[in-house]
Amino acid sequence: MTPGGEPRAVEVVGDLSGLPASASGARHLVWWGNIGFMLIEGTGFALAAAAYLYLMTQQAPQWPPPGTRPPDLSWGVVFTLGLLLSELPNLWVRRRAFAKDPRGVRIGVAAMTVIGLLLLIPRGYELAHLNTRWDSDAYGSVVWMLMLLHTSHVVTDWGDTAVQAAWLFTHEIGDDQFADVEDNANYWTFVVLTWLPIGAIVYGLARLW
Amino acid sequence: MTPDLDRRDRLALAWRDPPGWWGFLTTVDHKRIAARYIVTAVLLLFLAGLLALDMRWQLSWAENTRMGPQLYNESFSLHGSTMLFLVSVPAMEAMALWLVPLMLGQRNMAFPRLGAFSYWLYLGGVLTLWVAHALDVTPDLGWFEYPPLSGPTYAPGHRADIWAQMITFTEVAALCASVNVVATILKMRPPGMTLARMPVFLWAMLVASLMTILSMPAIMLVTSMLIADRLVSTHFFAPAAHGDVLLFQHLFWFFGHPEVYIIFIPATGFVSSIVETFARRRLFGHHVLVLAILAIGCLAFGLWVHHMFAVGLPRLGNDFYTAASMAIAVPAGLQIFCWIATIATGRTWLATPMLWVLGFVATFVLGGLSGVMTASAALDLQLTDSYFVVAHFHYVLVGGAMFPLFGAFCYWYPKATGRLMSERWGRVAFALIVGGFNLGFAPMHLLGLMGMPRRVYTYPAGMGWDALNQVATLGSAIAVAGGLVFVANALLSYSRGAPAGANPWGAPTLEWAGDSPSPPWNLAYTPVVDSLTPLWDSPVLRVMDGVALERREVVVTSVVDAAPLYRQKSASPSIWPFVAALAVTAMFLGSIFTPWAIAAGALPIAAALTGWFWPQRERATTGPLRVRS
Amino acid sequence: MKARLLAVCPLLHGCGGVQSALDPGGDQARALFSLFALMMWVSGVVYVVVAGALSWALWRAWRYRGADSRADGGMTLRIDRRLAQLLPLAAGAIILGLTVLITASFFADRALFATRASPALEVRVTGHQWWWRIQYRDPVSYGWVETANELHLPQGQTVRLVLGAADVIHSFWVPNVAGKLDMIPGRTNLLDVTARRLGWYRGQCAEFCGTQHAHMALAVKVESPAAFRAWLAAQRAPATPAAGRGAAVFQVACAACHAIRGAGAAGRAGPDLTHVAARRSLAAGTLTMTRGNLQGWIAQPQAIKPGTSMPQIPLTPADADAVATYLATLR
Amino acid sequence: MRTQRGFVAARFAVALLLAGCQREARDIGPSLPQTSPRGAADPRIGYYQDNVYQIAQGGRYFSWYGCAACHGEDALGVRDLGDGRWRYGGSFNQVFASIVRRHGSLDYATRVPPEQLWQLAAYVRDLPQHTPEKRRRLSVDQVGEPQGQHWSGPVR
């Protein structure tokens, strides 16, 4: 006889075998993991934006520093419009995933892959028209930090979408994969939404401050 | 009825790891992963403790020559960085990884492979710092490396980069672990364990993990900025180019202060569990304890500036940050009240885990009181960066977090190993550690007030600091000896300890319902919970059947009510977390030397993640790329 | 005040000294010391209460050892109701104590800046790795009078220290006079100090600033206003060097980094040595000022303060001796 | 044969690693050289040339002695030390000798002690590997440090 005794005897009071084997939306476990990572990255964005505001208010007599032009608006506008428009097919994919429509999600995810790739073109031009370098001064450093932080998210999600498209076209799609498509669509929405404050800071504050 | 053998065999088959090394590398068993975390952290605790002892030896006499400045600076940097980033936080994560599924009666974490990835990445951080140390490339600027001292001009070479990347490693690992813990606690509670019926321990882990998620991005951001300043000549911290050196401090402490509570809050969870079991009564003030944890979690984000009172910030904020910092004493004080009330009104059994709780209260309250002193913006000007602060944070972190952790170790040791630790040697270790610690660190308060700054490798004769330093050294040596007794007790008891049985302490929570040690699948059935102390309130464990026995499956429930929602496939062993961690390690280490490593390293990482998440299903029979037969 | 504190803690006997927050010699340090004494009182009471409660709990544990209350839900419930009534009391007591301390802290904070409007004198202190450049605003010429590693303060007058840094972050801390304030590249911090008690004190850099952080101290002398004026006048005057071998060697081997006003040496990288022999210590508080230590420092700086920017200069023994002799005349 | 090759490779890797660590070594104290290099094969050269700490110290003294006034980032021709062309020879002892002998009345031979000359020579020889951005970044950090007989006050 050990001090702790035997495991507790059990009394079966119910059966879970009737539960579904998958779920979608906030009922799904992975949805919460996705939210967790968005929270992490969102905090990162917020702190990077705070660093921009801090440097702007603490250090520079003029912002951007004398002799530096604000980033050119045109490519920023193109990218922002493109990004906002991409949200339409993205939401459509999300709805198709909810409806568990294999044809819809295959087409939609493939389309989102192409759209993501296309969006990288104006983003590239944006980077070329920031009118500052990361090593010219702290203004340039923080502008580049914000832009690269966001670009890395665009690229990451584009990569994820591309891999997903490849998988979807070559495999039978199960309920969990519809949930994955949905999570990926949610993530794209996150990428779109985070751009609005970041873009406003990079393009707006440099003009208005 | 007890679970029949056939059921256990089927579960064993579904939840077994591959044998040998392959199993070692691929396992996703939360208990194996957590054990690795613990062993690694204990080893590092020992190494960093030896560093501390060496430094104490150096400081025992004025003008001592055991260490030169370089060795001393490396020693305290390595000691602090290891203790904060590689021991305290990971040890708490490990306890969460190990305990949360057990306490929920679940078979594994929400994201088993993410748990494995966390450990491998953490190990990458450990090796980065300590292999570099073995090669004599040791960071030498403290556990927070303020620029410009850590910038490209004043810290040539890669020592500072190694420190910064070690942080990136451990923080990514901690963030992954935290998301895992949050998802598990919120979505995998057993049927009936509503938020109101959640043990304090789980609340503590939930809040600590959420705090990790909200604070650690700050330090990843700021160390990345530091590396960028050093590697690609950005100007974040160059005042002459519109940068600001205080930006580093703000971001660092926006993480650094919550970090202290990320370490402390899980400890309050341990204490609550231990007090409840050994006082042999329901915890008094469950709601108060939970609210206190939430309050500490919120307040912790509003007082990072109290680490910066001496930098000369606008005085308007001083009073606010003073009040906010002292306000922490309200929830912390109420916690102490609830624990003492529970101990006093129960029928308390003074076994070793409970002794650690007593040592915790006696020591931590002192740390809290010296914390109130340092929280005063005015008084802090005499205390900060002196030995008073060294004493304060050791009282808070060792007394407030390590003592409960040691207690937790003794408390759950029988659950993990199936054997009891020796009570006699447990008491010896307790007396040596708590006594030695207080003897070692109490004099430091006085040393600080007598003007001894921290981080000095020596001091001139005639300052009147010698005797107190010698007492401090003696105390530290006693505490280290106690630590050796503790570890020896744990090692010997592993093979020689008395068999523990399922629930040796008569504890009330679910982790004690099954076998000790737990089989890989934990409980054979899904428990149903209708109280805070299920094992006390009912002689039999009420359970539900129906979660698969032939494959890895867990049950997912709703966030508030813990109503069963669906059955989720749980990931099987996989090499991909290990491969992904290797790829990330290669990128992190490469980016110390060239920014192109980020681009080049992204491809293997993408490949590893693709392998990891590639769903194993049959090939398409529809669509343009269908398999044509 | 000190007696009151000693009543709290007999251990504090003999904790005075030239670098101690417990032995205030100026208004700012005194305000902080009073605050500390109050905190010690409050903390002492709190700790006694907590320790008492814990002991009481343990006594009960001992008395009822072996019994088990797990099943007796009814009794627990009754006790809990009584405890719940105590809870607001505990919270109230904590909040009351904190309010006292926050208020006291507020007033101490104000006291530190009470003299902001009327400093008698401005002194610029700049932290270098690992020494202090100290410049007095000359009340006559309004220029700077430069010295190093030694701060003189007129008794009873408020001096404004303008704190800056040349390389990395340092922190100015003379515990007997005032609390510390960081010296931060890119910022200028102002610290007002009003020293009251005559005598020598010691300050030390309090923010880790690299290899020789431990040997970055400064001597502080509080003297009567008349003595201070005389001292400042002496510092303002150029050196009256004795021409000789030592001066010639210095001019060649040392003048690239060190200045001696009146002797043609104008380097700014190291401490100004115009009146070096009048100082109390050498190498930022590392050595006491003696003729022998001067020569030792010149001969073996890297052995005495490893990592210092003061290089070892290959001089013949005769030359080294001559330089030391020369420096010893710079009073 | 294969094991031998593996052995050689392992030894090479270890040597590389140790060289990398030698680069990071931070030897402080009274061990610095007090004499000029004896030719291009002086065994002390290897350590100085490859040690980041000694090179960085050289960079600080470069600024302190006011070298940047003539040899700054935008210096041209023979004064441009970053272009990798050495008129008076690029070996360590030649650069060392150029600093000492080719500055006329500045007389660095007597005004700058040998241990700092070693560090300066190591820094100067390392300059071609610095990008202009890197040099600028370092000089931005050093604006509060004295340069020759000038000091413009702390970093503001």
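**Exercise 1.** Find the bridge partner of His152(C) in β10(C).

*Solution.* Start with the strands, which are DSSP runs of E with at least two residues, numbered from the N terminus. In this predicted model, β4 (residues 150-154) of chain C pairs with β10 (residues 217-223) in the parallel sense, over five bridges. Pairing here takes at least two DSSP bridges between the strands. Now look across from His152(C): the partner in β10(C) is Lys221(C).

A word on conventions: residues count from 1 along each chain as its sequence is written, and chains are lettered from A in the order in which they are written. Local features need pLDDT of at least 70, and side-chain atom pairs count only at pLDDT 80 or more, while totals for chains, interfaces and linings use all residues.

**Exercise 2.** Work out which residues of β4(C) point which way, and whether they are buried or exposed.

*Solution.* Glu150(C), His152(C) and Pro154(C) go one way, Leu151(C) and Leu153(C) the other. Next, check burial (20 or more other C-beta atoms within 10 Å of the residue's own, with C-beta atoms placed from the backbone). Five of the five residues in β4(C) pass, leaving the strand mostly covered.

**Exercise 3.** Describe how domain 1 of chain B meets domain 2 of chain B.

*Solution.* Grab the bounds, which come from an automatic or database assignment: domain 1 is 27-424 + 494-565, domain 2 is 574-614. The contact (C-beta atoms, placed from the backbone, within 7 Å) takes 16 residues from domain 1 of chain B and 13 from domain 2 of chain B. On the domain 1 side, α5 (112-134) and α6 (159-187) of chain B each give two or more residues, and α5(B) gives the most, seven.

Note on methods. Two residues are in contact if their C-beta atoms, placed from the backbone, lie within 7 Å. Helices (H or I, at least four residues) and strands (E, at least two) are DSSP runs, numbered from the N terminus. A residue is buried if 20 or more other C-beta atoms lie within 10 Å of its own, exposed if 12 or fewer, and partly exposed in between; C-beta atoms are placed from the backbone.
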